[in-house]
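Take a look at the sequence and the model first, and then follow along.

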Amino acid sequence: VLCAGSSVVLFILPRNIITVALFLFCLGAGIAMAETPALAEQALLLEDRYPSMRGTGYGLVITFLSLSYLIGPLVSGFLSERIGLPMTLVCFGLALLTYVPLIIWRKWRLKKR
């Protein structure tokens, strides 16, 4: 998440294709590194707390993940028209970066148990 958030914020800076490609690679790698453990943790949560509703839980997780891929471009397009692409990228990057302390706090709380 840290890699994705920082690359989105820094995406507005480069002026050549090499740095744009590097930031896009970091964005994709960061999102892939964040989604994989999140899906695994959701699976553990479903197995531990709601074993009889496993299919429903997986269906809801995938449904909302797919909805985020549908709604995200619509919202970012709306924001880009209103406040411009650089500010949209900065807002998205800062939202990702604020997620990092929540992940650390959650891991710390789970270890404490």
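**Where two helices meet**

Ser76, Leu79, Ser80 and Ile83 in α3 meet Leu85, Met87, Thr88 and Cys91 in α4, where contact means heavy atoms within 4.5 Å. The residues of this contact of α3 with α4 divide into 5 nonpolar, 3 polar and no charged; Ala, Val, Leu, Ile, Met, Phe, Trp, Tyr, Cys and Pro count as nonpolar, Asp, Glu, Lys and Arg as charged, and the others, Gly among them, as polar.

This is a predicted model, in which local features need pLDDT of at least 70 and side-chain atom pairs count only at pLDDT 80 or more, while totals for chains, interfaces and linings use all residues. Residues are numbered from 1 along each chain as its sequence is written, and side-chain values use heavy atoms, leaving out hydrogens and water.

Now follow α3 itself. Helix α3 covers residues 54-83; helices here are DSSP runs (H or I, at least four residues), numbered from the N terminus. From its first C-alpha to its last, α3 reaches 42 Å, close to the 44 Å expected for its 30 residues, the expected span being 1.5 Å times one less than the number of residues. Gly84, with a positive phi near 95°, follows α3.

How do two packed helices get described? By the angle between their axes and the distance between the axes. The axes of α3 and helix α4 (residues 85-112) come within 7 Å and cross at roughly 130°; axes are lines fitted to C-alpha atoms, for helices over the stretch in contact, and angles run from 0 to 180 degrees between N-to-C directions. α3 and α4 are therefore oblique to each other.

On to another partner: helix α2 (residues 17-49) packs with α3 at an angle of about 155°, their axes 9 Å apart. That makes α2 roughly antiparallel to α3. Angles under 35 degrees count as roughly parallel, over 145 as roughly antiparallel, 65 to 115 as roughly perpendicular and the rest as oblique.
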